[in-house]
Amino acid sequence: MPSLVFTVAARVIRQMTRDHRTMALIFVVPLVVMTLIGLSFPQTTVLDYIAPALLTTLALFFGFLLTGISFLRERSQGTLERLMASPVSRLDIVVGYLCGFFVFALAQTLIIVLFTIYVLKVNYHGDLWQIFVFQIVVIIGAVNLGIFISTFARNEFQMVQFIPLIIIPQIFLSGVLWPVEQMPDYLKWLSAVLPLTYAVEGLRNIMLHGQSLIDVSVDLAVLVGFAIVTSILAAVTLRRGC
């Protein structure tokens, strides 16, 4: 039910905003990371090319990390157990947490995108609102992935260990560092099932080639499908404690 979803989301938002240190990190860390990236690539032409890949990768990374650890904390504190004992379905819980964590993941993404464009002066050819919409789809998938993967971790250390398993391989295989076309065939097949591949390709086409969301509809469809599948998996595998 929508009312139950909004209730869960509102509780997540209140819980997060009470943690002032976490809130500070949510806003400060993206600024620090993007500042270091800007200083590392003084040549604007290089930064213009890699910016789309960086934006999608950081959206996936921050969304996954923020959601995974926060959701794990909800389980360890017994909050999730109390919710599951109430008349709330598993899907309502997952969607509610998705909406709650989405607010903070969206804030980080907005900071990164605006900082990249207006401070680092990255040139782009697509519409800014279409860049935002595309990034929103990416972070929805990242948040769902964080919720799903966190069900397999018993503590925060284990959750962090999923980063080399889930995120880093995508960075190497999704065209972030080098074109997918230059990879061996067996890596191309593996790249074809990774969501970051479609995120990088889609945002590059928007920012570098001025394409619209309709032009990258295939990439968007894959990312939407990924978000739906991970939300269903998160609801199915949801468990109370650690």
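This briefing covers the fold, the surface, the salt bridges and a handful of residues of one protein model.

The model is predicted: local features need pLDDT of at least 70, side-chain atom pairs count only at pLDDT 80 or more, and totals for chains, interfaces and linings use all residues. Residues are numbered from 1 along each chain as its sequence is written, and side-chain values use heavy atoms, with hydrogens and water left out. The protein has eleven helices and zero strands. Helices (H or I, at least four residues) and strands (E, at least two) are DSSP runs, numbered from the N terminus.

**Overall fold**

- Along the sequence, the pattern reads α-α-α-α-α-α-α-α-α-α-α.
- The radius of gyration is 18 Å, which agrees with the value near 18 Å for a compact globule of 242 residues. This radius is taken over C-alpha atoms, and the globule rule is 2.2 Å times the number of residues to the power 0.38.
- Along the principal axes, the C-alpha atoms fill a box of roughly 55 × 40 × 35 Å.
- Contact means heavy atoms within 4.5 Å. Of the contacts with a separation of 6 or more, 77% join residues 24 or more positions apart.

**Burial and surface**

- Buried residues make up 52% of the 242 residues. Buried means under 20% relative accessible area, exposed means over 50%, and partly exposed lies in between (1.4 Å probe, protein chains only).
- The protein exposes about 11500 Å², and carbon and sulfur atoms supply 70% of that area. Accessible areas come from the Shrake-Rupley method with a 1.4 Å probe; for residues, only the protein chains shown count as cover.

**Charge and salt bridges**

- There are 14 positive and 12 negative side chains, and the centres of the two sets lie 15 Å apart. Lys and Arg count as positive, Asp and Glu as negative; His and the chain ends are not counted. Each charge is placed at NZ of Lys, CZ of Arg, CG of Asp or CD of Glu.
- A search of the whole structure finds two salt bridges. A salt bridge is a side-chain nitrogen of Lys or Arg within 4 Å of a carboxyl oxygen of Asp or Glu.
- Arg 73 lies in helix α3 (residues 44–76) and Asp 19 in the loop between α1 (2–18) and α2 (20–40), so the pair ties together parts that are 54 residues apart in sequence.
- Arg 73 is partly exposed at 23% relative accessible area. Asp 19 is also partly exposed, at 23%.
- Asp 185 forms a salt bridge with Lys 188, with the closest N and O atoms 4.0 Å apart. Asp 185 and Lys 188 are three residues apart in helix α9 (residues 185–191), so about one helical turn separates them.
- Asp 185 is exposed, with a relative accessible area of 54%. Lys 188 is partly exposed at 30%.

**Buried positions**

- Thr 109 sits in helix α5 (residues 90–119). Thr 109 is buried, at 4% relative accessible area.
- Not counting residues up to four places away in sequence, Thr 109 touches Ala 59, Gln 135 and Ile 139.
- Ala 53 lies in helix α3 and is buried at 1% relative accessibility.
- Leaving aside neighbours within four places in sequence, Ala 53 is in contact with Val 176, Val 200 and Arg 204.
- Ala 53 and Leu 66 are 13 residues apart in sequence and 20 Å apart in space, C-alpha to C-alpha.

**Partly exposed positions**

- Leu 208 belongs to helix α10 (residues 195–209). Its relative accessibility is 22%, which counts as partly exposed.
- Beyond residues up to four places away in sequence, Leu 208 touches Asp 48, Tyr 49, Pro 52, His 125 and Leu 203.
- Phe 172 lies in helix α8 (residues 168–173) and is partly exposed at 37% relative accessibility.
- Phe 172 touches Leu 177, Trp 178 and Met 183, not counting residues up to four places away in sequence.
- Phe 172 and Thr 197 are 25 residues apart along the chain, and their C-alpha atoms are separated by 10.0 Å.

**A backbone point**

- Lys 121 has a positive phi of about 60°, although Lys 121 is not a glycine.
- Lys 121 lies in the loop between α5 and α6 (128–150) and counts as exposed, at 55% relative accessibility.
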